[in-house]
Structures are given as structure tokens and as C-alpha cells.
Amino acid sequence: MAGRVDAIFLALIAFSLFFTFAICFLIIYFAVKYRRGSKADRTTTAHSGALMEFLWVFIPFVIVMGLFVWATIVYYHQYRAPDDAFEIYVLGRQWMWELKHPEGKKEINELHVPLGRAVRLTMTSQDVIHSFYVPAFRIKQDVLPERYTSVWFRPTKTGTYHLFCAEYCGTRHSGMIGSVIVMDPVDYESWLANGLEPESMAASGAKLFRTLGCSGCHDVNSTVRAPLLDGVYGHPVPLETGQIVTADERYVRDSILLPKSQVVAGFKPVMPTFQGRIDEDELLKVIAYIKSLGKNVRVER
Ligand code: CUA
């Protein structure tokens, strides 16, 4: 993305410089030419030309709309991750970054990624607003408490890149820094395999799903009639209110913490809230598990 973002930035500077110099030049030129006592010709009377007035509105209009459309295209590209992107979960807190690989590996203030693969970050904060900023990748996204934001990138060069928190978040905000390390895919695999075999995010989520009692109702064999979660993630869900929502991270989170807010059509609002019984870290794991169920064939009760 760096090249595309830079192109917009440079174009903006080029336009600004061009008009700044053109206007300054004309101000000075006319000031000198028509200074008091000069012999410049002042006989022409003021006249207005419809064509000229049209052009000085139309040309800037075309320029700014062109910049708008161009930047919008780049913006959409930057904020909609490709389908083959793999997911990293980011948890911001005063004053560190916790980054989790889908395989379960956890890092603090460091993120190792393989060269050439799209990486989608799903981010949330445990306390205040932070902002995930990697200048070399031209990405910056606020990380908010009680909400998920996301941004993606595809590294094109190996190396170590600065990671900053770009939102003042308290005393040691300036120390909330780290690095993104882009590795050769082979090196990345060996890095990932190094150390203890961690449990994948989805597997930890599956365990929580049982220990928190979710499976008591959301399991095929349960006697309580609750929606089954196979094939739900990423698909449209009809609600009691007649609305249809997409089962994304936000929806899953709300369903766990505010279950009465979006009841699935045909079901009773009997689910208790898990507010206070599940922390941000566990929520991300349960979401990873429900995401993994999303790939299954949908089962209806
Ligand atoms: Cu976190 Cu500033």
C-alpha cells in the first residue's frame, strides 16, 4: 500500500505547491505592475466572462473530485482485507501490545509475519483508546475498548519495522512501542514451530465454550432450544425484529455480552449475559472458535 498512499500524498503536495506559487507569483506580479505611479495601461474596463467564471469553478471541482475518488478507492482497498488473509488478534492495554497468532502463539510488542501473505488484524483494547500505527506499511487504526476494529497489510520486504501507539493513552504512552518483523516464509515456519506447542485460538475457544456452559444450550444434543452455531459466522442472521445482520465479530461479541439486544428469529430471549464472566482475551478465543465453526455446513434446529 505504501506506494499507493504516497502517490496520493505527493499529488496533494504537487497541487498545493502549484497553486501556492501561481497565486504568489500573480500577487507580486500585479503589485509591481500596477504600483502607484507606474505607467501600466489602466484603460480596460472591468468585464466578466461567463466562460471564465465557469472554468474557475469547474476545473477545481474536477481536481478535488478526482482526488476524492482516487483516495476513496485506496481507502476501500486498505480497509477490506482479501479473503486469503490470515488473522492476528491484537489486544491493546496500558501500555503494551499483545498479539496472538491463530496457531496460538502469543507475542508482546512484537509481531512476526511471513513475507507476501496478507495479514488481517482484529483489534480491541482492554482499557482506553490506543492506536495501532506502522508507518512503513502506511496503516494506522484506532483500537477501542468494547469494540473490534480491523486493518490489514501485505508485507513486501523482509525486515524490522516500527510499531507505535498513536493515541495518547496515559503516562507511558510513549513507551507503547514495538516492532513488526517480516520474515522469509521458511524462517517464519521454523519460528512458529519453535518453543512449546501452543493451543490454537480456536481450540482454546472450544474449551471455554464448554467450561462457560455455552455448549449446554448451543449443542446439537442439548435439550434447551438455542441456535446452533455451525455455519453461522460470516453469514446473514435473521433477527426477531425482522432485521437481518451479518454474523461478524461485533455480532458475536454482542450476542455474548448483550444477548437480548439481537435475538435470532424464532428463538426466545433466554440467554443470560456473560458480562463480567468473560474477559477480552477469552472473548477473542471464543470468537475464533465460532469463526472456525463458520466454515462448517449450516445446521438448523
Ligand atoms: Cu496506547 Cu498510546
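Student: Which residues does Arg253 touch, not counting residues up to four places away in sequence?

Tutor: Before we start, this is a predicted model, in which local features need pLDDT of at least 70 and side-chain atom pairs count only at pLDDT 80 or more, while totals for chains, interfaces and linings use all residues. Residues are numbered from 1 along each chain as its sequence is written, and side-chain values use heavy atoms, with hydrogens and water left out. Touching here is contact, meaning heavy atoms within 4.5 Å. With residues up to four places away in sequence left aside, the partners of Arg253 are Thr124, Glu146, Arg147, Tyr148, Leu258, Glu280, Leu283 and Ile287.

Student: Is Arg253 buried or exposed?

Tutor: Arg253 sits in helix α6, residues 249-257. Helices (H or I, at least four residues) and strands (E, at least two) are DSSP runs, numbered from the N terminus. The words you ask about have cut-offs: buried is under 20% relative accessible area, exposed is over 50%, and partly exposed is in between, with a 1.4 Å probe and protein chains only. Because its relative accessible area is 3%, Arg253 is buried.

Student: How far apart are the closest N and O atoms of Lys100 and Glu98?

Tutor: Lys100 and Glu98 are both buried. They form a salt bridge, and the distance between the closest N and O atoms is 3.4 Å.

Student: Which helix holds Lys291, the partner of Glu249?

Tutor: Glu249 is buried, as its relative accessible area is 8%, and Lys291 is buried too, at 12%. The two form a salt bridge with closest N and O atoms 2.8 Å apart. Glu249 lies in helix α6, so the pair ties together parts that are 42 residues apart in sequence, Lys291 being in helix α7 (residues 280-294).

Student: How many salt bridges does a search of the whole structure find?

Tutor: Side chains of opposite charge can pair when their charged atoms come close. Counted over the whole structure, the salt bridges number 12.

Student: What is the distance between the centres of domain 1 and domain 2?

Tutor: The domain assignment gives domain 1 (1-13 + 50-80), domain 2 (86-193) and domain 3 (201-292). Such bounds come from an automatic or database domain assignment. Taken over C-alpha atoms, the centres of domain 1 and domain 2 are separated by 30 Å.

Student: Which residues of domain 1 lose the most area to domain 2?

Tutor: In this pairing, 8 residues of domain 1 are in contact with 9 residues of domain 2. Buried area is the accessible area (1.4 Å probe) that two parts lose on being put together, summed over both. Here it is about 650 Å², with carbon and sulfur atoms giving 47%. On the domain 1 side, 63% of what is buried comes from Ala2, Gln78 and Tyr79.

Student: Which residue forms a salt bridge with Arg138?

Tutor: The count between domain 1 and domain 2 is 1 salt bridge. For Arg138, the closest N and O atoms of the bridge are 2.7 Å apart, and the partner is Asp6.

Student: What is the phi of Glu146?

Tutor: Most residues other than glycine have a negative phi, and most peptide bonds are trans. Glu146 is in the loop between β7 (139-143) and β8 (149-153), and it is exposed because its relative accessible area is 59%. Its phi is positive although the residue is not glycine, with a value near 60 degrees.

Student: Is the peptide bond from Gln94 to Trp95 cis or trans?

Tutor: Trp95 lies in the loop between β1 (86-93) and β2 (96-100). Omega for the bond from Gln94 to Trp95 is near 0 degrees, and the bond is cis.

Definitions and conventions. Salt bridge = Lys/Arg side-chain N within 4 Å of Asp/Glu carboxyl O.
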